[in-house]
Amino acid sequence: MSAQTAIHLNSLKKTFTDEVVLGGIDLSIDDGEFCVVIGPSGCGKSTLLKCIAGISDPDDGEIQLREERTADVPPQDRDVGLVFQEFEETLFPHKTVEENIAFGLKQKSEQLSDEQITDRIDEMLDLLAISHTKSSYPDELSGGQQQRVELARQLVRDCDITLFDDPLADLDYKLQKRMEIEMRRFHEETGGTYLYVTHNQDQALELADKLVVMNEGIIEQVGTPDEVYNNPTNAFVGRFVGDSNILVGEVSEQEGSNLRIDTAIGRVVTSDTLEQPSDQSEGVVLIRPEDVVIGDGAAECRNSVDAVIEGWTYTGELTEYSISVVDLDTELQVVKPGRPDTTKNRTETTIGFSPDDAQFFQQMSGTGNMDVTDVLEAEQ
Ligand code: ADP
Ligand code: MG
């Protein structure tokens, strides 16, 4: 038997004045799945969550929750938790942290004793590392603490469907990393369905069972993080998810599954293409930073070019190199495990990459209105 569908969206549309914010969204999320939505700001992520929670009405299309249509179900009867992005507006200013969290619990149909409520609140505060704020009021807390109270309010309700609108955005890096592990653990323990919006691509790749890339009110791609990272359907997705090097070029020749592309660093051979472009058509070649060879072995790669290491940063695990190539106006980013061999900057070297690691895209985006410049300039 296939898993039950927790959330099903069919051609969901929403327009504000004359701006199309959701342009016909189709999406299915299985029961118990951790689905992450990522996309540039303003692409419609929050609107999507608000429609599912019932606090914004779609203009057209259908939403099913637990395989039932929601058209006439008011928000309070949908049994869906929503962690708001605008948490400053949703916390009760005259209630303490404890009272704010208890409010969510008391809304549940299931009757809990006062002792059970206190226990669950204490457990949640402990998990989110804000036990000491229990008797404080929201305006006495930092943004990151307020955000965790908002998160606690929904997690404690333990709904079988919870929607999260960038719930870790205001936390510092270390806390964010720790909370990511807690989110994952929480999800595993409760077995609930999570629909989770973030602008943070590392977080998206780490947390998602299913990753959804949105752009200008449409879905560009749905897949596992690996599928989206390794096989993006178009240049926008490749550029938006993960780091990448982009070479703008024109198709000069096709040879079986290989394409020869004229770029600023010369003729590049790519083999990993989804498309069958015509000669002279413009597009971009995408190469991941970890797929570029530096120094030894680079000259033997099918694609290789003289380069200069302009600088590097050692992150404790990896080294990120910044590399310039004659005639290319942007520097290439290359990532290698371990420390660099050389400590000098401006070291001359050779870089190379295999055709298998160079993906050519003629299609810039599924929106139909992005060109090469838009993709290069897209927010990341
Ligand atoms: P995201 O969460 O991806 O940043 P939103 O869903 O918040 O995007 O917004 C998408 C677009 O819809 C934006 O251009 C935003 O200005 C517009 N928008 C959102 N809510 C409203 C509203 N209540 N009235 C008018 N425009 C809105
Ligand atoms: Mg938003």
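**Exercise 1. A glutamine and its contacts**

Which residues does Gln203 touch, not counting residues up to four places away in sequence?

*Solution.* Before starting, keep in mind that this is a predicted model.

Step 1: locate the residue. Gln203 sits in helix α7, which covers residues 201–207.

Step 2: list the contacts. With those sequence neighbours set aside, Gln203 touches Leu168, Gln176, Glu180, Tyr196 and Thr198.

Step 3: Gln176 is 27 residues from Gln203 along the chain, and their C-alpha atoms are separated by 8.9 Å.

Step 4: check the accessibility. Buried means under 20% relative accessible area. Gln203 has 2%, so Gln203 is buried.

**Exercise 2. Helix α3 against helix α4**

Work out how α3 and α4 are oriented to each other, and which residues make the contact.

*Solution.* Step 1: take the geometry. The axes of α3 (residues 97–106) and α4 (residues 114–127) come within 10 Å and cross at roughly 120 degrees.

Step 1: classify the angle. Values from 65 to 115 degrees count as roughly perpendicular and those over 145 as roughly antiparallel. The crossing is right-handed.

Step 2: name the residues. From α3 come Val97, Glu98, Ile101, Ala102, Leu105 and Lys106; from α4 come Ile117, Thr118, Arg120, Ile121 and Leu125.

Step 3: sort them by class. The contact of α3 with α4 holds seven nonpolar residues, one polar residue and three charged ones.

Step 4: look at the link between the helices. Leu112 lies in the loop between α3 and α4. Leaving aside neighbours within four places in sequence, Leu112 is in contact with Leu105, Ile117 and Arg120. With a relative accessible area of 17%, Leu112 is buried.

**Exercise 3. Helix α3 against helix α5**

Is α3 roughly parallel or roughly antiparallel to α5?

*Solution.* Step 1: get the numbers. α3 and α5 (residues 143–155) pack at about 30 degrees, with their axes 7 Å apart.

Step 1: apply the cut-off. Angles under 35 degrees count as roughly parallel, which means that α3 is roughly parallel to α5. Their crossing is right-handed.

Step 2: identify the contact. Val97, Asn100, Ile101 and Gly104 of α3 meet Val149, Ala152 and Arg153 of α5. By class, these residues divide into four nonpolar, two polar and one charged.

Step 3: bring both helices together. In α3, the residues Val97, Asn100, Ile101, Ala102, Gly104 and Leu105 are buried. What covers them includes α4 and α5.

**Exercise 4. Two positive phi values**

Find where Glu216 and Asp327 lie, and what their phi values are.

*Solution.* Step 1: recall the background. Most residues other than glycine have a negative phi.

Step 1: take Glu216. Its phi is near 45 degrees, a positive value. Glu216 is in the loop between β9 (210–215) and β10 (218–223), and at 43% relative accessibility Glu216 counts as partly exposed.

Step 2: take Asp327. Here phi is near 75 degrees, again a positive value. Asp327 lies in the loop between β18 (318–324) and β19 (332–337). The relative accessible area of Asp327 is 66%, so Asp327 is exposed.

**Exercise 5. The whole chain**

Describe the protein chain by its secondary structure, extent and burial.

*Solution.* Step 1: count the elements. The chain has ten helices and 21 strands.

Step 1: find the extent. Along the principal axes, the C-alpha atoms fill a box of roughly 70 × 50 × 45 Å.

Step 2: find the buried share. Of the 380 residues, 52% count as buried.

Step 3: look at contact range. Among contacts between residues at least 6 apart in sequence, 67% join residues at least 24 apart.

Terms used
Residues are numbered from 1 along each chain as its sequence is written. Chains are lettered from A and ligands numbered from 1 in the order in which they are written. This is a predicted model: local features need pLDDT of at least 70, side-chain atom pairs count only at pLDDT 80 or more; totals for chains, interfaces and linings use all residues. Side-chain values use heavy atoms; hydrogens and water are left out. Axes are lines fitted to C-alpha atoms, for helices over the stretch in contact, and angles run from 0 to 180 degrees between N-to-C directions. Helices (H or I, at least four residues) and strands (E, at least two) are DSSP runs, numbered from the N terminus. A crossing is left-handed if the near helix is turned anticlockwise from the far one by less than a right angle, and right-handed if clockwise. Contact means heavy atoms within 4.5 Å. Ala, Val, Leu, Ile, Met, Phe, Trp, Tyr, Cys and Pro count as nonpolar, Asp, Glu, Lys and Arg as charged, and the others, Gly among them, as polar. Buried means under 20% relative accessible area, exposed over 50%, partly exposed in between (1.4 Å probe, protein chains only).
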